[in-house]
Structures are given as structure tokens and as C-alpha cells.
Amino acid sequence: MRLVSQFTVAFMKVLITGAAGLIGSHAARRLSGEHQVVALKHPDLDISDRESVDCVISDAQPSLVINGVVIQVDESEQNSARAYAVNVEGPRNLAEAAHRVGAEFVHFSTQYAFDGEPVGRAPYTIEDQPRPINLYGKTKVASERAALDACPRSYIIRTSWVYGSGKESFLCTAHRDLRAGKRICAIADIWSSTTYVEDLIERILQILERRRYGIYHVVNEGVCSYYEFALEAGRLVGLSREGADSLIEVLQEAEMKRVAARPRYTPMRCLVSVELGLPSMRSWQSALAAYVQS
């Protein structure tokens, strides 16, 4: 199910990097119906290669550049040089090239900008000082400043726990696995905001129409743990609480023994959206229901 937008953005030529990823692929599909889209996957462009970025954007002459490329959490911890090259220098290269051709720039950041303490705190806003606790978060915070410095016409979209069709991750597949009677594992002591990718793209279009540059928090309303998300996914596919619990193995974060530390509690809310009069994002439960039914 895709939301029907009440907002319209004038025709654009859009260049999307990381078009094979979840956000990039959905952005390309959503925008291609109304705009000219150049969708680039990693073999098409290494964003850490400044000369290649300059050449591609100079040739394409887009009016909007969307960066969907990222080195993820544990991989960043394992390869810091690559993480800084792709997560920081890459966005800088894209933003500089976008600025030279007069384009706007959309770059994605993360709830990992924050330390997640204490549990139960108020949702993070742009007034909260970033305090990342892992290398991934540090690179993403650095990328925000790099992008804004290089291209003042930048939109920084902090988002969290993004899910949707086309990716094999816990959030994307929990409902299918539970419907099929498969056992899944879910962490119970990490909480955040979740974001349905279709809602994310729709909100970005609303933001683009308003042309207010800066940092946004784009997530569905509410907060949940992975375990609570799994329980709701089970309910939506017709399982009782007992039936869902029989299929969900509850874990604590410490049991995962992951390479990078994760912040414990990182819900977010967007002050800028409120200032601009944008409608509230629907609840995470409503968004998950739309995804399960799609």
C-alpha cells in the first residue's frame, strides 16, 4: 500500500546512489513515475572516488541528488578506513558535486547519532547533542556536517529501523516468517522508532516541496523493541499472543555478541516538520499493518 500524496514536487532530474539498497530502490521506483531518475548501483559509481563523482554528476546535471550508500554498523567497526571513505568522504563528494551543478542534496543519517540513555527518555530532536557510541554513528554525524558544509541546499534525514519489501532483514521478514510458522529471535532490551520505507519516501517528498534545508527526523510515531515489533507482526498475521510467543525466542542485546555497541533507547521526533505544518507520521503499528497487507 502506497500513501496518496497531497503534495506535489515540480518535475526533476534525480540522481540516486545506492539504488540497489532498500531506501535507494524504493526512492527510484517512487520517483520514476513523475520524474526523470538516474539510479546508480555500486558498480556504476564508487562515491568515495571524487573524480568519478564529479564526472557522473557533471554529465547528468541533476536537480536533486539522493545518497543511499552506506557502510553499515558492524562493518564500520571492522573497517574504519572504508567506513570513513564511504560514510563521510562519499557524501562530501556528492554534496560538493551537487552544489557545483546547482542541485539539492538528500543524505540519510541515523538514530545512532545518539547514545540512547537513559531508557525511557523523551524522543530525540535536533536540539539534542549527538553522542554516538560506535564508529558507524560517528561517521554518520561527521557526514551530516560534511554534507551541510559542502552543499547548503542539503536535507539531512535521520531515520531509524527502516523496513519494507526487497530486503531480508528481521524487520522486513518477521511477519512472513511467523505466518509460515518459523521460529525467529527478537531482542527485548533495545528500543527505537521504526520507519516504513514507503512513509519515509513520502515524507521526503513533502519536505522537498517546502524547501527548508537542514536536519530532519523522519520516523513513524511511537517506540518499540524488536520483540514488541515481532509480537505486533504476529498479531497482524493472525497469531494469538501465545502463538506468537511460542515462535519468538527472546534475547538480550548482550547475548548477540555483535561487533559494535548499540544505543539502548533512541526514539526520535521531528521539530522542523511540526514548524512547517507537516502532518504527523502515522504510528508504527499502522505503518506495519500497511506493510503486512501490501
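Colleague: On a 1 Å grid over the protein atoms alone, a cavity is a set of points where a 1.4 Å probe fits but cannot get out, and lining residues have an atom within 4 Å of a point. With that settled, what volume does the second largest cavity have?

Modeller: About 40 Å³, where volume is the space filled by probe spheres set on grid points joined across faces, edges and corners. Bear in mind that this is a predicted model, where local features need pLDDT of at least 70 and side-chain atom pairs 80 or more, while totals for chains, interfaces and linings use all residues. Residues are numbered from 1 along each chain as its sequence is written, and side-chain values use heavy atoms, without hydrogens or water.

Colleague: Got it. Which residues line the second largest cavity?

Modeller: Gln111, Tyr112, Trp161, Ile190, Ser192, Arg262, Pro263 and Thr266 line it.

Colleague: How many cavities of 30 Å³ or more are there?

Modeller: There are 2. The largest cavity holds about 60 Å³, and its lining is made up of Ala27, Leu31, Ile66, Phe108, Ile201, Ile204, Leu205 and Leu208.

Colleague: Which element gives the largest share of that lining?

Modeller: Helix 7 does, with 4 residues. Helix 1 and helix 7 are the elements that give two or more residues to the lining of the largest cavity. Helices (H or I, at least four residues) and strands (E, at least two) are DSSP runs, numbered from the N terminus.

Colleague: Is helix 1 mostly covered or mostly open?

Modeller: Mostly covered, as 9 of its 11 residues are buried, meaning under 20% relative accessible area with a 1.4 Å probe, protein chains only. Ala27 and Leu31, both from the cavity lining, are among those buried residues. The buried residues of helix 1 pack against strands 1, 2, 3, 4 and 6, plus helix 7, where contact means heavy atoms within 4.5 Å.

Colleague: Switching to the sheet, what order do its strands take?

Modeller: The sheet is open, with 6 strands in the order 2-1-3-4-5-10 and parallel pairing; two strands pair if DSSP finds at least two bridges between them. Strand 2 (36-40) and strand 10 (214-217) each have a single partner strand, so one side of each lacks a neighbour in the sheet.

Colleague: And how many bridges join strand 4 and strand 5?

Modeller: There are 6 bridges between strand 4 (residues 104-110) and strand 5 (residues 154-159). Phe105 stands opposite Ser154 of strand 5.

Colleague: Last one: where does Ala244 sit, and is it buried or exposed?

Modeller: Ala244 is in helix 9 (residues 241-247), and it counts as buried because its relative accessibility is 1%. Leaving out residues up to four places away in sequence, Ala244 touches Leu231 and Leu239.

Methods:
Buried < 20%, exposed > 50% of the residue type's maximum accessible area, 1.4 Å probe, protein only. 1 Å grid on protein atoms, 1.4 Å probe; cavity = no way out; pocket = protein on both sides within 12 Å on 5 of 7 lines; lining within 4 Å.
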